Amino acid sequence: MVTGAADPVRIVSRRMIKPPSESEEAVNIHLTPWDLRLITVDYIQKGILLPKPPAGGVGERLVDTLPSCFARTLGKFYPFAGRLVMEHHDGATVAVVLQCTGEGAEFIHAVAPGVGVADIVGSINIPSVIWSLFPLNHVLGADAATESLPVLSSQVTELADGVFIGMSMNHSVGDGTAFWEFFKTWSEINRGGVDLREVSTLAPVHQRFFIDSSPVPIRLPFSKLEDVVRRFERPTVQECFFTFSAANIQKLKARANRRTAKRPPPSQSPRSRPCSRTFGGRCPVLGASCRGRKHLTLCSSDAEDV
């Protein structure tokens, strides 16, 4: 049902949402070596696809309630409302620091009346419209510091028969676990209007840890942060995604474990241990990582559950 328009997604509003004023005090978070290695990669981008809220239901104006709940969630994940900044040091070196000053995270409201749920999930091939459902496409972690971009951005797009919520997060600021903890907290607050102290998700740990011999902040041997990043021409590729039921995942794991059991007595090497992880690991049956650049979570529950 995608129309012939060049871009079927239209941005209605774009704003910066700040956490509540009573949130944490402004602090600087110094990035660790494993944080810094991620400033050269794209933002984490994942989203959920929901059915259209029923007419007259409490979820009908989902777009109206999500921004305020987004702000309250930032109160618990205060660093996600900060900014990455560069610090120039002697010897033509530069450091990157996360300043938690509460400048806010981006919230975008968009509409795509010509796009239906079937256009997104009707094929294993990911349609090009998906790119328009996510903010900060092709943005690298270092760009947040050089261009003063938010480290977290969300986009809520109203489709013809559904709602797509896409979110992009700077990978040097948080990992996939922190990403989904934010999403779950946002959802829980929006569903029940609960106080931050009552949400079921655990309080995130934003503190970084350094070994005693590590300098803080860590200085990169470049005079400009732009010199750290190597950009390349992105080839045109056809992306696709596969959906596995829980039962099929269990079958794949059982098959992998049977193959492992037929091998010689296992050593203590991690490669010889039974396959027990569903996501992010490598399975001998699949022969490839389960991770993908884009991640779509298909939700069949009522939109009121968001």
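**Figure 1. Leu 136 in the loop between helix H3 and helix H4 of the predicted model.** Leu 136 is buried, with a relative accessible area of 17%; this value places the residue in that class because buried means under 20%. The loop that holds Leu 136 runs between helix H3 (117–121) and helix H4 (143–146). The backbone of Leu 136 has a positive phi of about 55 degrees, although the residue is not a glycine. Most residues other than glycine have a negative phi.

**Figure 2. Ala 92 in the loop between strand E4 and strand E5.** Strand E4 covers residues 83–89 and strand E5 covers residues 93–100, with Ala 92 in the loop between them. Ala 92, which is not a glycine, has a positive phi of about 55 degrees. The relative accessibility of Ala 92 is 48%, so the residue counts as partly exposed; the class of exposed residues begins over 50%.

**Figure 3. The crossing of helix H2 and helix H5.** Helix H2 comprises residues 62–76 and helix H5 comprises residues 176–192; their axes come within 8 Å and cross at roughly 125 degrees. H2 is therefore oblique to H5, and the crossing of the two helices is right-handed. On the H2 side, the contact is made by Leu 62, Thr 65, Leu 66, Cys 69, Phe 70, Arg 72, Thr 73, Leu 74 and Lys 76. On the H5 side, Phe 182, Thr 185, Trp 186, Ile 189 and Asn 190 take part. Sorted by class, this contact of H2 with H5 has eight nonpolar, four polar and two charged residues.

**Figure 4. The cysteines Cys 69 and Cys 240.** Cys 69, one of the H2 residues in contact with H5, is buried, with a relative accessible area of 6%. Cys 240 has a relative accessibility of 38% and so counts as partly exposed. The structure holds zero disulfides.

**Figure 5. The setting of the close-up views within the protein, by secondary structure, burial and contacts.** The secondary structure comes to six helices and nine strands. The protein has 306 residues, of which 44% count as buried; Leu 136 and Cys 69 are among the buried residues. When contacts between residues at least 6 apart in sequence are considered, 78% of them join residues at least 24 apart.

Terms used
Residues are numbered from 1 along each chain as its sequence is written. This is a predicted model: local features need pLDDT of at least 70, side-chain atom pairs count only at pLDDT 80 or more; totals for chains, interfaces and linings use all residues. Side-chain values use heavy atoms; hydrogens and water are left out. Axes are lines fitted to C-alpha atoms, for helices over the stretch in contact, and angles run from 0 to 180 degrees between N-to-C directions. Helices (H or I, at least four residues) and strands (E, at least two) are DSSP runs, numbered from the N terminus. Angles under 35 degrees count as roughly parallel, over 145 as roughly antiparallel, 65 to 115 as roughly perpendicular and the rest as oblique. A crossing is left-handed if the near helix is turned anticlockwise from the far one by less than a right angle, and right-handed if clockwise. Contact means heavy atoms within 4.5 Å. Ala, Val, Leu, Ile, Met, Phe, Trp, Tyr, Cys and Pro count as nonpolar, Asp, Glu, Lys and Arg as charged, and the others, Gly among them, as polar. A disulfide is a pair of cysteine sulfur atoms within 2.5 Å. Buried means under 20% relative accessible area, exposed over 50%, partly exposed in between (1.4 Å probe, protein chains only).
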